[in-house]
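Subject: Structure handover

Hello,

Here is the structure I promised to pass on. Please open it first, then read my notes beside it.

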Amino acid sequence: MTEPSLSLTTLLVILGASQWPAYPEFASSQAFANAATSLRAYFLDPHCFGLSEMNLLDLFDSPMSADEQDERIGRFLSERQNALRVTGIPARDLIIFFVGHGYFVGRDSDFYLAIRRTRAENARASGLAMEALADTIVEQARRLRRYFLLDCCFAGSAFRAFQTNPAQLAVWKTFDVFEVKQKGIQSRVPDKGTALLCSSDHKNPSLLLPDQSNTMFSSALIAALQMGDLHQTERLSLRNLKELMANQLDDIRNREAPRPVLHSPDQSVGDIADVPLFPNPAYISGDETRNAVSAPPLSLTVEHPAKPKVEDRSPRRVISRRNMLIGMAGLVAVSGGITWFSLSREGNGSHLNSGVTPSTSSQAPTCSQAFPDDFTSSYDKRWQWMPEGNATIQVIDGALAITTPAGHDLYMGKTNAPKLLQPLPEKMMVETSLKFAPKHTYQGAGLLIWQDGKNFIRLERGYGDVGAIIFEQEINGVHQKIISPFSQDAKQITTTTDRVKLRLQRDGNRVNAWWQDAAAKTSWQVVGSTTSTFSMNTQICLAVVNQPQGTGADPARAAVTAYFDYVHVTC
């Protein structure tokens, strides 16, 4: 019998608030609302988790009292379980997500979640007590696997009032109310239990990103869910998710970033933290792995002395190389040994409008194209350089510099921007880091998925009438601005940084995009996603656009240069 989709058997409750009118000490922040909105969007997106909206109860920023919210949660759980049972597809999993402020009350430091109606003069009565919530959840969802995702921000006074870290105290208070002393022997996939994933082990009461756009914990959570793990199976467990989040938070340096902690207080029939639950967008099927061409096993010894990192492109200084461990993505375990996938390919690329001979292969590229290029002395010979006009390419101090004169574009029939190309696998992740400071309409540089002059997808740091991240596509000659650099368009991701990291993931016809402010060392931020049909000859490219236009055009029509630190392709 085929297992029912987890998107049909999962229930989701979203709790929390972004402002507390009757509790002035709790600082309001749009970051909390953004976190809740992002999580809701992920679960409802059919290309992500695909949750039915009927299986969602969203009480974030609800005007209900604590008692009303508790009653609504109990009624939702009862009604949805009954409705699903009638269909023959019973509910199996419950996810409770909270983002906002948490605090403690009373001599026993009882932990509660601050909802919008929480009042400073009586937080015990007006806050959502964790013990009361636990009673409702355990009573109404006793036969479900229960997952708590707690993103609690604590006011500064919490750190003064408690000798221990308040976040750690909150974890243990929550653990206590759900703990089941008896621990079962796991001989099958557990069908009930409780697991908690929380932000903890930090000293800074503020858990927001440097740009205040989201919380660190929720930003890392959404990024982990949307990026997945190339080394895991088709679905990720909560434990897998915790490790991916830790990796995301490692990108936030020079701050006291929270460390995710995982506890399973109810293991009466086993630990549900290890149950595969969340779709893994980076998963590669066994058939694709078996079809990859590999070389005989070899031993590999690498020495890479550290070099100082620089903050400019002065020729007197040296750019550091990326950690070689990232470049080992082409190494895979085969029959107990380590095998290097062959990096050779046939043909000379497939730029259909450049006069270069397309690949003669009848199959799309496989994972044999996975590789790192850190541009230490030159760019890798697997790249195809497609110059246009007087465009130039050179390696300067460990970075690839592409210079583009004015008059080179990637838009509506004019696709003469210079490109550095190579074949694109059907499943892959490509990442680059670049320095680029566009100031005029339009200038942009970044990653390009290229089929031909009428079919391509662009992810760039650009400038329209504002500095921005752009995500655009042209399909059969029709151009679409998914994320635009022009303020009059519907969606923008504005930025003034001149150092960004860009990441594209292709899974068949699906393309997902992320970006990171490399100067501020933020975590990865979602840009968007799109779907398009690609031919066998699709390429991944680096491209630099310089097309003066409108009132924001550069009157000098000067050339622009983008500096790419590295490109890493994994698949």
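Below is what was found in it, starting with the whole chain and ending with single residues.

**The whole protein**

Keep in mind that this is a predicted model. The protein has 10 helices and 28 strands. Of its 571 residues, 56% are buried. Now take the contacts with a separation of 6 or more: residues 24 or more positions apart account for 71% of them.

The largest nonpolar core holds 54 residues. Phe 43, Leu 238 and Phe 278 have the most contacts inside it. Several elements give two or more residues to this core, among them strand S1 (10-16), helix H2 (30-44), strand S3 (93-105) and helix H9 (238-250). Which element gives the largest share? That is H2, with 8 residues.

Go back to Phe 278 for a moment. Leave aside its neighbours within four places in sequence. Phe 278 is then in contact with residues that include Tyr 42, Phe 43, Phe 49 and Ile 95. Its list also includes Leu 225, Leu 236, Leu 238 and Leu 241. Glu 234, Arg 235 and Ser 237 are among its contacts too.

**Helix H3**

Next, look at helix H3, residues 66-87. This helix has 22 residues. From its first C-alpha to its last, H3 reaches 32 Å, close to the 32 Å expected at 1.5 Å a residue.

Which residues of H3 are buried? They are Ala 66, Gln 69, Asp 70, Ile 73, Gly 74, Phe 76, Leu 77, Arg 80, Gln 81 and Leu 84. These residues cover an arc of only 155° around the axis, so they sit on the same side of H3. The spacing in the list is worth a look. An α-helix has 3.6 residues a turn, so residues three or four places apart point the same way. On the other side of H3, Asp 67 and Val 86 are exposed. Just after H3 comes Gly 88, with a positive phi of about 85°.

Strands S15 (392-396) and S16 (399-404) come next. S15 and S16 pair in the antiparallel sense over 5 bridges. Ile 393 stands opposite Ile 402 in S16. The two strands form a hairpin with 2 residues between them.

Asp 397 is in the turn of that hairpin. Its phi is near 50°, a positive value in a residue other than glycine. Most residues other than glycine have a negative phi, and most peptide bonds are trans. Is Asp 397 buried, partly exposed or exposed? Its relative accessible area is 25%, so Asp 397 is partly exposed.

Met 412 also has a positive phi, near 45°. Met 412 lies in the loop between S16 and strand S17 (419-423). With a relative accessible area of 45%, Met 412 is partly exposed.

Where is there a cis peptide bond? One joins Thr 441 and Tyr 442, with omega about -25°. Tyr 442 is in the loop between strand S18 (427-435) and strand S19 (443-452).

Thr 415 sits in the loop between S16 and S17. Its relative accessibility is 12%, so Thr 415 counts as buried. Thr 415 and Val 545 are 130 residues apart in sequence. In space they are 9.3 Å apart, C-alpha to C-alpha.

Ser 433 lies in strand S18. At 6% relative accessibility, Ser 433 counts as buried because the cut-off is under 20%. Beyond its neighbours within four places in sequence, Ser 433 is in contact with Val 500, Lys 501, Tyr 563, Phe 564, Asp 565 and Tyr 566.

**Cysteines**

How many disulfides are there in the whole structure? A search finds 0. Cys 48 has 22% relative accessibility, so Cys 48 counts as partly exposed. Cys 541, by contrast, is buried, with a relative accessible area of 0%.

Best wishes

Technical notes: Residues numbered from 1 in each chain as written. Predicted model: local features only at pLDDT ≥ 70, side-chain atom pairs only at ≥ 80, totals over all residues. Heavy atoms only, no water. Disulfide = S-S within 2.5 Å. Buried < 20%, exposed > 50% of the residue type's maximum accessible area, 1.4 Å probe, protein only. Helix = DSSP H or I, 4+ residues; strand = E, 2+ residues; numbered from the N terminus. Core = buried A, V, L, I, M, F, W, Y, C linked by side-chain atoms within 4.5 Å. Contact = heavy atoms within 4.5 Å. Expected span 1.5 Å × (residues − 1). Arc of directions from axis to C-beta. Pairing = 2+ DSSP bridges.
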